[in-house]
Amino acid sequence: MADHVHETKMDGSAVSTWSKKSIRHRTWMAFVYTVLILGGIIIMIPLYWTLSTAVKELDQALAFPPVWIPNPIVLGNFVEALKAMDFLNQLKNTGIITFFGILGQLISSSLAAYGFARFRFPGRHVLFIIALSTMMLPFHVTIIPRFIMFQKLGWLDTFLPLIVPSLFADALYLFLMRQFIMTIPVEMDEAARIDGCSFFQTFYRIILPMSKPALGIVAVFTFLSRWKDFMGPLIYISSQRNYTLALGLNALRHDFFVEWNLLMAATTIVMLPPVIIFFLAQRHFIQGVVVTGLKG
Amino acid sequence: MKKWLVLLVVVCLLVTGMALSLSGSAAPKKVQLRWYLRWDNARLNNVAQPIKEEYEKLNPNVEIIIENISNSNEYHMKLQTMLVANAAPDVIYPATHQAYVLAANKQIIDLMPFVKKDKIDLNVYIPEVLELYKYNKTMLYGLPIDTAAFVIFYNKDMFDAAGVPYPTDDMNWEDFIELGKKLVKDTDGDGKIDQWAFHFDTNTVWQVILYQMTGELLFDDLYNPKKFLLTNKNQIEALQFCADLIHKHKLTISPAQRGNIGDMFMSGQAAMNIIGHWRVPTYNASVKFNWDVAALPQAGKVRANRGDGSCFSITKSSKNPQAAWEFVKFLAGPNAPGVRKLLALGQMVPSQEALTKDELYLKTPGQRLINKPAFLVGRENMMTVYQPFTTWYSEAETAMRAAFVPLWEGQATAEQVVKALAPQMEALIAGK
Amino acid sequence: MKKLSVMRRKEIVAGFLFIMPWLLGFLAFTLGPLIASFIISLHKWDLLNAPRFIGLQNYRVMLRDPNFWNSLRVTAIYSFSRLPLTLTLSLSIAILLNQKIRCLGLFRTVYYLPTVLPLVASSMLWMWIFNPQYGILNYLIWKYFKVQGPAWLGDERFILPAFILMSLWWIGSNMLVYLGGLQGIPTELYEAAEIDGAGMFARFRHITLPMISPVLFYNIITTLINSFETFTQVYVMAGDIPRRNAQFYIMNLYNNAFRFYKMGYASALAWAFFLVLMVFTLLIFKSSSAWVYYEGTVKGGEKNG
C-alpha cells in the first residue's frame, strides 16, 4: 500500500480551501492525534503489562496495587521459563511444522492458481466457485473424520496430520495467487511457449518469478497460521516430546500455581518469534490483509 | 527482498533445532520405557528425576523417558488419544477412577500374571485400597502407590502473628471455623481483606466432608450406580455447609474471586490449605515460611478420609510389558526401592501398611519434620471422592462441576443446584 | 483441425494436473471428511467398540440437549455483540488513520500487532489482565471507581463481556482492510459532493459508506466466521471449570469428541454447525446485493512488492 495519503477529513473528503478552515482543521487534527495515541497506548498496555510482569520478582507480581516499573529486573525468570517448558525442542517442532507448511503452500497454491488462471478445462468455473466456498468452511466441521482417518493411518502423535493437509493448496492462498497471476500479461506465457517451453517450464520460468510479491504474502500468512495453530496440535499431538510452543505454553499454565511472573516470561518468549517476523516482513502482512480484503 | 529474509530466519530456526535434536539422540539401543506422569515441576525435578536416575543406574540397559502433564483432566484426555492411536506410554499413573475406566475398556493390562509369577505378596497393601484397583474382583490393573488423604497445611508464621494456636489433629469442623475466623484479616489496613483462613479447592474436598457428615457416597453403589443420593436432605445440608465456609463464615474467597491463583496458601494469602501429600515436595521446594500439617477436621465424632489415590499401570500399547512390569515393581512393589525413594523424597502417603509405621515415612531424613501421622487419621473410614466408577464418570464430573459453580459463587443454594443437576445424573444412570 | 484438438486436449490435461495440488487436498481433507462426518453422525461410536448404526438418533438427542442450545446461545451472543463493536471501532480508527497524518506506519503497526500474536499467548496475557485480585483491569476499576471489580472469567455474568472486550484487541486486521478501502476512494467524488454543498456526514453517508461497502461486507463475513469458531481462548482461559457462559459451540463439540469420545454425536454437532454457517452465509450474501456497491471497487496495491 502506498503511504501517501490524500488529505482528507472525517468523511474521507479532501480539504480544498485550507487557509480558511485552518483553525478548524488544526483542532480536528489535534483530535485525530489524541484519539490515535490514546488508542495506541490502550493497545500496548497489555503487552507492557506482560513484559513487566515477566521480569518481576514474585512478590511484586502479586502486589496490590500493581507495581508498574519492576524493581529489581529479574531476567532469570526467562531462563527458568525456558527450562520449564523444554523450549528448544518445542521450537524445533513448531519450526518443522511451519517450514513444511510454508513450503507446501508456496508450491501447491501457485501451481493450482496457475491452473485456474491460465487453462480452460471443463468444470473450471464450478471448481473455482467450490474452492472459494471452502474459504467459508471452518475445519472444525471435518475435524472428527480427519482425526479418525489419521488414527487409522497411524499418524496420531506425529507431525504428519499437521503437515500433510497443509501441503495442499488452501483456498485463500489459491484465490490470492490466481488473482495475481491474472494480472500477468498472457503474452508472456505465449512468448515462452513459442520459445519451446512446456507448460511447467512456463510456470517455473515466467509465472513463478513474477509472482514473488504474492508468494511473499502467502509465506507470511502461512507462517502465522501454522505458528499460531493450537487446536490442531491439541488434538493430534499427545506426547510431550512432540509438543509445539503453543501446546507447551498451555501445559505450563498448570505447572505453576502462583508464579505468574514465570508464566508471563514464557508467554513473552512464545510471542517473540511472530513479532520478529512481523517487523521483518511488515509490508507483506499489511499488503496481504488489504489485498485479501479488497478482493474478497 | 524481505521475503527471503523471512525464509532465511525460518530456515535458521529449523537448522538450529535439527542440530540440537541430532546431538541429543545418540545411540538409542537401550530398552526405552515411557513413563507418563502428572506432577508439577517441583515433584518432577525432586521426585521423578532422581527415581529415573536411580533406576537407570540399577538397570543400565533401560532408559526411562519422563512425560508429564500436570493437569489431571488434560492428562487423562491425552492418554485417551494416545491409547486410541496405539501410541501410549508404557507406564502410566492414573488416578483410581481413571484406572478403572481404562481397565473396563481393556486399555491397561492385567498385572495378576506378573504378580503370581514373581510371587508378590499382595497382603502388604491395605486391603480396602487394593480393592479399588481390581476389575471384576479378579483383574488387578495397577499397583497402588498412595492414598490421597487430605490434611490441613498451615502457615505457622501467620498463626504466630495472629496469636492463634495451631490446628490440632482432633478438631471438628466447628473448631475449624472458629479458628479460621481469627485469621481473616486486613493486614495493611487499606480496607481490603488480604489474608484469608484457607485455600478451598472446591473440586474435591466437599465429597469427603459429605461422607463424614452423612456416611453416604454420592451414588448408592460404587461400581453399579442406580441412584443419585445427593438429592437426600442430609447430603444437601452437608453440601450447603461446604458452601457456607465461603459465603456465610467468610473464611475464604470463592474460586472466581481467586482468579487464576491456584494456591493461596503458597502465595501467602491464606493461613491454611486443605490438600494432600502431593503438595509436600512443592512446599518444600518453594515456600519460604514455616509450615506444618494437622489432620482433616472431623464431623462430630466421625472421621473419614480418602482411600483413593494413584497407581502405576501398564498400557496395552506397551511394546515391553515385561520391562514395564519390572519398573512398576520397582516403583510400587512391596517395600520396593522406588517406594522407599518416593518416601525419602517426601512424596506420598504409602498404601502399604508396614511403611506407614516406617521411620522413613514418619521422620523423613533431611526434610522438614512435619506431623506425618496426620495423613493417616481417618483411615478407619476410607472413601473415594471419585464417584462413580463407570465409563460415564467424566461426563458426570463435568456436569457436576458446571452445576456447582453458582453454589461456590454464593449465587444459589445447595438445594437449587442439586435440583438442577439431578435430571442430568438420572439421564446418565439410565444411559440415555 | 485435428492438431488443434490435440492441443486442446493437452491443455485440459495440463489444467487438471496443475489444479491437482488443490483438488486432491479438497477431496481428501474437505469433501471426503464432510461426507464421512455425516455418515459417522448416524452412528454411535466411541472409537473403542465398533460403530453402531442408530439413524437420526444423534440429531434427536441434540435437539433435546440443553448443552447444545446453551452453546448456540453463548456463541450467538458473543458473535453478534462483538460484530458491531469491532466494525465501528475499526472503521473509526481507519478513518482517523486516513487523515494526512505523520507516522502512519507506526500507528498501523501498533494497531495491527496484537493480531499476529499466538492466540495461546494472548490468552495467557488476558487471563492475567482479568485476574480479579492482581490484574490491572480490576486495579483501574478500584482506582477510579473505588469498587471491587468483578471476577471476570470466574463470574457467569462477566465471562462474555470479558471475551468481547478481549476481542476488541484484534481490530487491527479489520482496520487495515477498511484503510485499504478508504484509500481507494477517488477524491474527485468528494470534491464534487462538496461543490453540491453536501455536509460532512452526508458525504460519509453517501460516498464513503457505499464506496467501502464491499470491504465492510468482507469484514462482516470474516468477523462472524471467526467468532463462530472461537475455541482457543475459551479453552485456555475458561476450560478448566466448565461454566455455562463459556460453553462456546466448538468447545462443546470438542468436549463431546475428545473428552467423552462420542464421535457420532460430535459429528452431528459438526454438521449442525455446518448448516448454521451455510444459512448465515447465504443470508448475508443474499442481503448483500441490496447494500453492497460493487462498481468502482478499487484494485489492491499489488504493485508495491
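C:Phe68 counts as buried because 21 C-beta neighbours lie inside 10 Å; a residue is buried if 20 or more other C-beta atoms lie within 10 Å of its own, exposed if 12 or fewer, and partly exposed in between, with C-beta atoms placed from the backbone. This is a predicted model, in which local features need pLDDT of at least 70, side-chain atom pairs count only at pLDDT 80 or more, and totals for chains, interfaces and linings use all residues. Residues are numbered from 1 along each chain as its sequence is written, while chains are lettered from A and ligands numbered from 1 in the order in which they are written.

**Surroundings of C:Phe68**

- C:Phe68 is part of helix 3 (residues 66-97) of chain C; helices (H or I, at least four residues) and strands (E, at least two) are DSSP runs, numbered from the N terminus.
- Not counting residues up to four places away in sequence, C:Phe68 touches C:Met62, C:Asn252 and C:Leu269; two residues are in contact if their C-beta atoms, placed from the backbone, lie within 7 Å.
- C:Trp271 is 203 residues from C:Phe68 along the chain, and 13 Å separate their C-alpha atoms.

**Helix 7 of chain C**

- The buried residues of helix 7 (residues 156-167) of chain C are C:Ile159, C:Ala162, C:Phe163, C:Met166 and C:Ser167.
- Seen down the axis of helix 7 of chain C, these buried residues fall within an arc of 130 degrees, so they line one face of the helix; the arc is that of the directions from the helix axis to the C-beta atoms.
- An α-helix has 3.6 residues a turn, so residues three or four places apart point the same way.
- Helix 3, helix 5 (119-129) and helix 11 (232-238) of chain C are what the buried residues of helix 7 of chain C pack against.

**Contacts between chains**

- Between chain C and chain A, 94 residues of chain C are in contact with 92 residues of chain A.
- Helix 1 (residues 2-40) of chain C gives the largest share of the side of chain C that touches chain A, 19 residues.
- That side of chain C has 64 nonpolar, 22 polar and 8 charged residues; Ala, Val, Leu, Ile, Met, Phe, Trp, Tyr, Cys and Pro count as nonpolar, Asp, Glu, Lys and Arg as charged, and the others, Gly among them, as polar.
- Between chain B and chain C, 18 residues of chain B are in contact with 18 residues of chain C.
- Helix 3 (72-84), helix 11 (255-258) and helix 16 (393-408) of chain B each give two or more residues to the side of chain B that touches chain C, and helix 16 of chain B gives the most, with 6 residues.
- The side of chain B that touches chain C divides into 7 nonpolar, 8 polar and 3 charged residues.

**Domains**

- Chain B is assigned domain 1 (31-147 + 308-370) and domain 2 (151-307 + 382-430); domain bounds come from an automatic or database domain assignment.
- The centres of these two domains of chain B, taken over C-alpha atoms, are separated by 27 Å.
- In chain B, 25 residues of domain 1 are in contact with 19 residues of domain 2, and helix 4 of chain B gives the largest share of the domain 1 side, 5 residues.
- Chain A is assigned domain 1 (22-79) and domain 2 (86-255), with C-alpha centres 37 Å apart.

**Sheets of chain B**

- An open sheet of 5 strands has the order 2-1-3-12-6 with mixed pairing; two strands pair if DSSP finds at least two bridges between them.
- Its edge strands are strand 2 (62-68) and strand 6 (143-144) of chain B.
- Strand 3 (residues 91-92) and strand 12 (residues 311-314) of chain B pair in the antiparallel sense over 2 bridges, and B:Ile92 has B:Ser313 as its bridge partner in strand 12.
- Another open sheet, of 4 strands in the order 8-9-7-10, also has mixed pairing.
- Strand 8 (196-199) and strand 10 (291-295) of chain B each have a single partner strand, so one side of each is left without a neighbour in the sheet.
- Strand 7 (residues 151-155) and strand 10 of chain B run antiparallel and are joined by 5 bridges; B:Ile152 has B:Ala294 as its bridge partner in strand 10.

**Backbone features in loops**

- The peptide bond from A:Asn71 to A:Pro72 is cis, with omega near 0 degrees, and A:Pro72 lies in the loop between helix 2 (58-61) and helix 3 (76-85) of chain A.
- A:Asp157 is not a glycine but has a positive phi of about 60 degrees; A:Asp157 is buried, with 22 other C-beta atoms within 10 Å.
- B:Asn335 is not a glycine but has a positive phi of about 50 degrees; with 13 C-beta neighbours inside 10 Å, B:Asn335 counts as partly exposed.
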